[in-house]
Amino acid sequence: MKKLISILLVIVLTFVLSEVALAARGSANSSVTITFSEIAVLGVSGTTGTITIVAPGNAGDLPADVQENNTTMSWTSNTASGLTRKITGSLNVLFSGINLYATVAAPGGAGGTSAGELHFAEAATTYEFVAGIGNCNVSAQAITFRASVTGMVTPYTETAQTITWTLTEAT
Amino acid sequence: MRKGFIIVILIFGIFFLADKAEAIDITVVGSWSLSITSADLVAGAGSDLKSDYESATDAVSISISATAGASDSWRVDVKKVDTNWQGNLILYIKRTSNGTGGSVSGGTAYQEVTDINTFFFSGSDDASGIKAQLKLSGVSIQVPIDTYTTTVYYTIVDI
């Protein structure tokens, strides 16, 4: 009987002391909230050079194509899970007698994949130059233009036209 | 009779200890909300987000009260419990002021806040308005768009 009481005392003491140990700790808290907003930033560096079409070397030929690659493109993008972005380009007005083509380089993977050379076949129409852009920051990707004469026209100096590049969510 | 006396002593001792242990208290005021946007890019298009962000130096204010006086020593442990967190993000904390009253030491260099209670700083006596600053590290454009939340717990331990 005496032994039983001792055991019971030890058990009770153990539980109570555990409570005491817990009671020796009080706590309070503060919250930390971090919001990652959507980021889609596109930039073009450099100045597009003037494309000059010169007379062909051989009579009867059309003037040779001219390339221009003075500009580069950079982009930073993040997306919600499962979504990607794309880079589109649109030429406001077509050049008379000249087809304009462009290529935007891309690193692949989450940085996006280049569609290669595309023809601005219609004015004010968007063409998809880079697709599959995920969470990435990509810098100094070459933009290459190619001007190709389609037929002889009266010599002219065209007012500069504008290409609008857009980084937008892919649908 | 002797047995009864021992039991009475034990019960008295237990209540005494319990009362002593429950006396000390901790109060925390403040929180930190951070919004990361394109304005946080290192150098505009093509660049990554800044890696590190700091809260105000007084983002959190900690007060210790109801101690038994200058001879009553305590320590504060810190840990976080995540509601929604991202593996690349690392949270740090440091103490930026002693507050008023009491004696406070340690915790003045940034230390990582993990999921396990870790010693933050210690002291004695009542002390109020002990300021703490938080830092977030590991931010990059690779972190998916979302709102990440964690709760930082400050536990006072009577030592």
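Student: Which residues have the most contacts inside the largest nonpolar core?

Tutor: A nonpolar core is a set of buried Ala, Val, Leu, Ile, Met, Phe, Trp, Tyr and Cys residues joined through C-beta atoms within 7 Å. Buried means that 20 or more other C-beta atoms, placed from the backbone, lie within 10 Å of a residue's own. Here the largest such core has 52 residues, and A:V104, B:I62 and B:V76 have the most contacts inside it. β10(B) gives the most to this core, with five residues; strands are DSSP runs of E, at least two residues, numbered from the N terminus. The model is predicted: local features need pLDDT of at least 70 and side-chain atom pairs 80 or more, while totals for chains, interfaces and linings use all residues. Residues count from 1 along each chain as its sequence is written, and chains are lettered from A in the order in which they are written.

Student: Which strand do six bridges join to β6(B)?

Tutor: Two strands pair if DSSP finds at least two bridges between them. Six bridges join β6(B) to β10(B), antiparallel, and there B:L91 has B:L136 as its bridge partner. Two bridges join β6(B) to β8(B) (residues 111-112), also antiparallel, with B:E112 as the partner of B:Y92.

Student: How many residues does each chain bring to the contact?

Tutor: Contact means C-beta atoms, placed from the backbone, within 7 Å. Chain B brings 50 residues and chain A 39. On the side of chain B, β11(B) gives the most, with 13 residues.

Terms used. Contact = placed C-beta atoms within 7 Å. Helix = DSSP H or I, 4+ residues; strand = E, 2+ residues; numbered from the N terminus. Buried ≥ 20, exposed ≤ 12 C-beta atoms within 10 Å, placed from the backbone.
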